[in-house]
Amino acid sequence: MIITEKLRLRAGLAWALVALAILLPLALAATSPLLAWRGPAYIIAGLAGVVAMAMLLLQPLFALGWLPGLAGRRGRRVHRWTGAALVTAVIIHVAGLWLTSPPDVIDALLFASPTPFSAWGVIAMWAVFATAVLAALRRRLRPRWWRRLHTALAVVIAAGSVVHALLIEGTMETVSKAVLCALVVAATLWVAADPGDRAGRNRAQSGG
Amino acid sequence: MTDAFTTRRTLLATTGAFVATALPGLILPARAQGVAATPSMRGGSNNYLPGAPIVERIGGGGFWMTGTVRRAGDGAPLAGQRIQIWAHTTEGNERDPWSHGATLSDANGEFRLEMPQIVPAFGQPHGHLAYDSGDFRTVFLRPVMGSARDTSLHADFVLEPA
């Protein structure tokens, strides 16, 4: 009885911390004073970027089955759907920016932008798309290669996105942005550098 | 044979002297020509709308864009040069025609145009300036504000003949 209470409390606490790390920067970005001077496409583009950043924190936790209630097969299914949502968020982010200022987005995509953060974002974008292609071809890959390639791309996505976000002076509040970025790096490295392959074990244990 | 020209010491000294005299020439070739022309900046021409009208100020004002226009070589101030200015401000984004305006440099080659407060857009609080009148080579600048709270921004043009 006491043990289940404790587990429930721990589960609640874990979810609350993750929710705080995600919802606080999202809420602050959604109420940024800069939004007053931006059109709808630009506002949606910016928020899609913040949502994508939040997904980068959730993805390793889903893969690990670390979040209470989302262990094993259930966690991996949510991981796949979140991956698809991440691709969508990135497309909305770039499309909204394109509508707002086409030449700035073209510069970024051609790696000719004056702003250093653009290239990092574009690298992360291509790594997200590559991951989607890789996931589609997953059954044709050897498990070891699938894991290696997916992990390598995940590290590129996390690193690229974090540098991209930190260098931008935009709608995100700086402290909550830095905390979210630190958590994304920590969670990604936690899974990527995991010698025991917890994500793999999460798969094996539930027989999926 | 070890005459004065083939010792290691003279070889090093001669090479060293050669590098010391030749390198600055390679690194700073513009010095001999006086004031060098300003190159266009990356992204400077983004959302440029040719032919922005000369205005008293852009929109409601409150922010100052200042700068100078000089001639390449002797650095002499250039009067009456038309500088076009646009930015993402509190009153519109870079693509809005009302965010664009132009002004002329005075007898000292200086210009200043009042415009609405520039706000951070596409990651940086920045402005755009263009010299595109034909007498000199076209130059597009994209200066970045040190802080989004700044209420002025400065850009210098050194123009060379087209």
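The model is predicted. In chain A, helix H2 is largely enclosed by the rest of the structure, because 20 of its 25 residues are buried. Chain B contains one helix and seven strands, and four strands of chain B form an open antiparallel sheet.

**Helix H2 of chain A**

- H2(A) spans residues 40-64, a run of 25 residues.
- From first C-alpha to last, H2(A) reaches 36 Å, close to the 36 Å expected at 1.5 Å a residue.
- Gly65(A) follows H2(A) and has a positive phi, near 70°.

**Helix packing in chain A**

- Two packed helices are described by the angle between their axes and the distance between the axes.
- Helix H1 (residues 2-30) and helix H7 (residues 174-192) of chain A pack at about 145°, and their axes are 9 Å apart.
- The H1(A)-H7(A) crossing is left-handed.
- On the H1(A) side the contact is made by Ala21(A), Leu24(A), Pro25(A) and Leu28(A); H7(A) contributes Ser176(A), Lys177(A), Val179(A), Leu180(A) and Leu183(A).
- Helix H3 (residues 72-100) and helix H5 (residues 116-136) of chain A cross at roughly 145°, with axes that come within 10 Å.
- The crossing of H3(A) and H5(A) is left-handed.
- From H3(A), the residues in this contact are Gly83(A), Leu86(A), Val87(A), Val90(A) and Val94(A); from H5(A), they are Met125(A), Val128(A), Phe129(A), Thr131(A), Ala132(A) and Ala135(A).

**Chain B: overall makeup**

- Read from the N terminus, the elements of chain B run α-β-β-β-β-β-β-β.
- Chain B has 162 residues, of which 37% are buried.
- Of the chain B contacts between residues at least 6 apart in sequence, 73% join residues at least 24 apart.

**Chain B: the four-stranded sheet**

- The strand order in the open sheet is S3-S2-S5-S6 of chain B, with antiparallel pairing.
- Strand S3 (100-104) and strand S6 (139-141) of chain B are the edge strands, and each pairs on one side only.
- Direction ignored, neighbouring strands of this sheet are turned by 20° against each other on average.
- Strand S5 (residues 127-131) of chain B is joined to S6(B) by three bridges, and the two strands run antiparallel.
- Leu129(B) has Leu141(B) in S6(B) as its bridge partner.
- Strands of a sheet pair through backbone hydrogen bonds, either parallel or antiparallel.

- Most residues other than glycine have a negative phi.
- Phe111(A) is not a glycine but has a positive phi, near 55°.
- Phe111(A) sits in the loop between helix H4 (102-109) and H5 of chain A.
- Phe111(A) has 10 C-beta neighbours inside 10 Å and therefore counts as exposed, the cut-off for which is 12 or fewer.
- Asn47(B) also is not a glycine, and its phi is positive at about 65°.
- The loop between helix H1 (8-27) and strand S1 (63-71) of chain B holds Asn47(B).
- Asn47(B) has 20 C-beta neighbours inside 10 Å, so Asn47(B) counts as buried; the cut-off for this class is 20 or more.

Definitions and conventions:
Residues are numbered from 1 along each chain as its sequence is written. Chains are lettered from A and ligands numbered from 1 in the order in which they are written. This is a predicted model: local features need pLDDT of at least 70, side-chain atom pairs count only at pLDDT 80 or more; totals for chains, interfaces and linings use all residues. The expected span of a helix is 1.5 Å times one less than its number of residues. Two strands pair if DSSP finds at least two bridges between them. Axes are lines fitted to C-alpha atoms, for helices over the stretch in contact, and angles run from 0 to 180 degrees between N-to-C directions. A crossing is left-handed if the near helix is turned anticlockwise from the far one by less than a right angle, and right-handed if clockwise. Two residues are in contact if their C-beta atoms, placed from the backbone, lie within 7 Å.
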